[in-house]
Amino acid sequence: MSSLEIGLPAIILLVVLALLFDFMNGFHDAANSIATVVSTRVLKPHQAVIWASLFNVVAIFIFQLKVATTIGKGTIDPTIVDHHVIFGALVGAIIWNVITWYYGIPSSSSHALIGGLVGAAVAKGGFASLIWAGLGKTILFIVVAPFLGFMLGGLLMVAVAWLCIRVPAGKADATFRRLQLLSAAMYSLGHGGNDAQKTIGIIWMLLLAANVADPASTRPDTWVIVACYLSMGLGTMLGGWRIVKTMGNRITKLDQPRGFCANFGGALTLFMATGFGIPVSTTHTITGAIAGVGTTAGAKQVRWGVARGIFWAWILTIPASALIAAIAWGISYLVL
């Protein structure tokens with residue numbers, strides 16, 4: 001693709017739109033990182049979002065850009081990418097995020113972005129424009145990520161219960177209040193490491209299509225990486241309070257040890273997925289971990305009706321954002 005096909009104003013507009021999505025991703029998903037420490041009163045809300053946003057940004061020094069590579073080069077055919085496709089993908093993801101945030105539904109910003117890419121790509125090039133190897137991993141982990149979170153959270157809770165069987169409740173609570181700070185920090189690292197890279201991948205895809213970035217390069221420019229991590233951290237700092245209640249208390253009742261195990265189990269899942277370059281939903285992951293922790297006290301301790309509502313939001317996210325993105329792709333010809 002010739003760089004003349006995408007003018008500088010369009011590139012600037014789309015980079016700003018991508019960073020807006022990244023900001024909204026942090027804003028929308030802030031509850032994932034802070035719900036447990038807020039609901040168990042380890043930190044006050046304003047303290048929790050500062051803690052989470054700090055480690056969102058620190059993740060820049062820890063994780064390789066494997067998720068960014070999957071998004072940038074492994075989801076849709078690079079030869080069909082232009083400013084209209086990127087515009088459609090971002091608008092589809094942003095609108096779906098706004099809808100789910102407004103109604104307090106903990107849906108996946110990650111899958112909204114994937115759905116946006118799919119919808120815009122199919123609108124332009126049909127289903128042949130999709131790279132099924134990359135998309136297949138993402139779709140598979142719609143099931144695998146919450147399952148891993150569920151299993152790890154539950155197993156950690158069982159282990160903690162056995163280790164602390166003779167420890168007085170007050171002493172255990174005091175210990176796990178401090179440990180929750182560690183587990184929340186780890187989860188926020190995983191959140192930043194996986195989610196910020198998705199926007200890095202989108203901007204990289206745009207710059208490659210515009211011949212601004214070197215196609216032989218194995219990583220995008222440093223300014224792209226830094227801008228995306230900072231946007232994610234800023235969004236988390238401002239927080240998405242409508243979703244905190246759903247994640248923190250409506251799925252199951254959390255105390256200090258359960259909050260620690262849920263965050264730690266979710267963090268381990270995110271670390272593994274990011275290490276393998278798989279874009280996963282941090283929302284799915286922490287929801288599974290919270291449910292897994294809750295079932296250790298008996299299946300009735302989990303409000304499965306709430307979990308079922310969240311599950312349907314997961315199912316709808318990719319097709320809904322894809323439909324919006326396909327419409328936005330058509331509209332882009334009027335505005336770009």
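Begin in this predicted model with the largest nonpolar core, which has 59 residues, and select Ile76, Ile86, Leu90, Ile200 and Ile202, the residues that touch the most other members. Then colour the elements that give two or more residues to this core, namely helix 1 (8-39), helix 3 (66-73), helix 4 (83-102), helix 5, helix 7, helix 8 (222-238) and helix 12 (304-335). Among these, it is helix 7 that gives the most to this core, with twelve residues.

Next, centre the view on Leu90 and show what surrounds it: apart from neighbours within four places in sequence, Leu90 is in contact with Leu14, Leu17, Ala18 and Phe21, and also with Leu113 and Ile202.

Now turn to the pair formed by helix 5 (residues 109-125) and helix 7 (residues 169-209), whose axes come within 10 Å and cross at roughly 20°. Because angles under 35 degrees count as roughly parallel, helix 5 is roughly parallel to helix 7. The crossing of these two helices, helix 5 and helix 7, is left-handed.

To see which side chains to display here, select Ser110, Leu113 and Leu117 in helix 5, and then Asp195, Lys198, Ile202 and Met205 in helix 7, which they meet. Sorted by class, this contact of helix 5 with helix 7 has four nonpolar residues, one polar residue and two charged residues.

Technical notes
Residues are numbered from 1 along each chain as its sequence is written. This is a predicted model: local features need pLDDT of at least 70, side-chain atom pairs count only at pLDDT 80 or more; totals for chains, interfaces and linings use all residues. Side-chain values use heavy atoms; hydrogens and water are left out. Axes are lines fitted to C-alpha atoms, for helices over the stretch in contact, and angles run from 0 to 180 degrees between N-to-C directions. Helices (H or I, at least four residues) and strands (E, at least two) are DSSP runs, numbered from the N terminus. Angles under 35 degrees count as roughly parallel, over 145 as roughly antiparallel, 65 to 115 as roughly perpendicular and the rest as oblique. A crossing is left-handed if the near helix is turned anticlockwise from the far one by less than a right angle, and right-handed if clockwise. Contact means heavy atoms within 4.5 Å. Ala, Val, Leu, Ile, Met, Phe, Trp, Tyr, Cys and Pro count as nonpolar, Asp, Glu, Lys and Arg as charged, and the others, Gly among them, as polar. A nonpolar core is a set of buried Ala, Val, Leu, Ile, Met, Phe, Trp, Tyr and Cys residues joined through side-chain atoms within 4.5 Å. Buried means under 20% relative accessible area, exposed over 50%, partly exposed in between (1.4 Å probe, protein chains only).
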